[in-house]
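Welcome to this short briefing on one protein chain. Take a moment to turn the model around, then read on with it beside you.

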Amino acid sequence: MSQPDPSPAEIAELFALDKDIAVLCGRLLSELNGGRNRAEVASVVLANSRKSEGQGLLHALVQQHMSIVLRACARHQQADAWQEEALELFARHKAFVDRASLLAHALADRWFDAKRFSKAESWALRSIAEAERTGLDLPWLADAWRIAAQALSDDNLGPEVEVRLRKSQALWKLQRKPDPIRGMFAHMGLGMYLLEVGKLKEADAAFVEAIVFAKLLPANAQYLAVGPTTQLMKLRNGNV
């Protein structure tokens, strides 16, 4: 159940503090990339968390940002807990529901990568539900639909998979600056699904769209373009 939001002045103050927390988070991540000991960085993160305990939304903002640093320190269990706690508090305040959706997407992504598909689907659907409460086209929503579809398709080729993949595809097309890797995965996933259910012409079109996204891949991810290109060639040569 939602709770009354802080006053406009309190929200402005929280957002100002949020920027400071994000800067600290970025600095800690840079230090990790520079070789600083993970245990030392994690101790800084935990110290900042203790300072904000009992301060409601401020503590949730600390948990939101610092959970990213914890993941970089391989403290995944603690990061999971912080993201879930922050999400539930954000979800109770109208002004922060978008952050609830963002954190649910982060958790969906985490469990999808870990091949825990049931959990990934559940968090992806939670991300979508929270996003729908905002009425906004949030940038991670397209990927939440992709995860919801591909997590379900792990053991299911029913029509709901296609519905979700089509929703993801439509949202990717609306983004001004789409993530080329995730966008490619969405279209590749749709193509593979359509191939499995015998919709070959539509699969062809999906692979072509995946290749469009692949052309935007950064240099260190160009190898990912092999997938849709290979599938399209096999499909057109009748080798499927």
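Leaving aside its neighbours within four places in sequence, which residues is Glu 162 in contact with? They are Tyr 193, Leu 194, Lys 199 and Glu 202, where contact means heavy atoms within 4.5 Å.

Before the details, please note that this is a predicted model, in which local features need pLDDT of at least 70, side-chain atom pairs count only at pLDDT 80 or more, and totals for chains, interfaces and linings use all residues. Residues are numbered from 1 along each chain as its sequence is written, and side-chain values use heavy atoms, with hydrogens and water left out.

**The overall picture**

- The chain has 11 helices and zero strands; helices (H or I, at least four residues) and strands (E, at least two) are DSSP runs, numbered from the N terminus.
- Along the sequence, the pattern therefore reads α-α-α-α-α-α-α-α-α-α-α.
- The C-alpha trace of the chain spans about 65 × 45 × 30 Å along its principal axes.
- Of the 240 residues in the chain, 48% are buried; buried means under 20% relative accessible area, exposed over 50%, and partly exposed in between (1.4 Å probe, protein chains only).
- Among contacts in the chain with a separation of 6 or more, 62% are between residues 24 or more positions apart.

**Helix 8 and Glu 162**

- Glu 162 belongs to helix 8, which covers residues 159-174.
- Glu 162 counts as buried because its relative accessibility is 13%.
- The buried residues of helix 8 are Val 161, Glu 162, Arg 164, Leu 165, Ser 168, Gln 169, Leu 171 and Trp 172.
- These buried residues pack against helix 6 (117-134), helix 7, helix 9 and helix 10 (200-214).
- The 16 residues of helix 8 should span 22 Å at 1.5 Å a residue, and its end C-alpha atoms are 23 Å apart, which agrees; the expected span is 1.5 Å times one less than the number of residues.

- Helix 5 (residues 97-113) has 17 residues and reaches 25 Å from its first C-alpha to its last, close to the 24 Å expected at 1.5 Å a residue.
- Helix 5 is largely enclosed by the rest of the structure, because 13 of its 17 residues are buried.
- After helix 5 comes Lys 115, with a positive phi near 60°.
- Rolling a probe the size of a water molecule over the atoms shows where empty space is left.
- On a 1 Å grid over the protein atoms alone, a cavity is a set of points where a 1.4 Å probe fits but cannot get out, and a pocket is an open set with protein on both sides within 12 Å along at least five of seven lines; lining residues have an atom within 4 Å of a point.
- The largest pocket has a volume of about 270 Å³; grid points are joined across faces, edges and corners, and a volume is the space filled by probe spheres set on the points.
- The lining of the largest pocket has 15 residues, and Ile 68, Arg 71, Gln 83, Leu 102 and Ala 106 lie nearest its centre.
- Helix 3 (57-72), helix 4 (76-90) and helix 5 each supply at least two residues of that lining, and helix 5 gives the most, with seven.

**The core and the cysteines**

- The largest nonpolar core has 74 residues, and Met 66, Val 69 and Phe 90 have the most contacts inside it; such a core is a set of buried Ala, Val, Leu, Ile, Met, Phe, Trp, Tyr and Cys residues joined through side-chain atoms within 4.5 Å.
- Helix 7 (residues 141-152) gives the most to this core, with nine residues.
- Not counting residues up to four places away in sequence, Val 69 touches Cys 25, Leu 28, Leu 29, Leu 32, Val 41 and Val 45.
- The structure holds zero disulfides, a disulfide being a pair of cysteine sulfur atoms within 2.5 Å.
- Cys 25 is in no disulfide, and the nearest cysteine sulfur, that of Cys 73, is 10 Å away.
- Cys 25 is buried at a relative accessible area of 5%, and Cys 73 is buried at 6% relative accessibility.

**Met 192 and Gln 231**

- Met 192 sits in helix 9 (residues 180-196) and is partly exposed, with a relative accessible area of 29%.
- Gln 231 sits in helix 11 (residues 226-236) and counts as buried at 14% relative accessibility.
- Leaving aside neighbours within four places in sequence, Gln 231 is in contact with Met 188, Met 192, Leu 195 and Phe 207.
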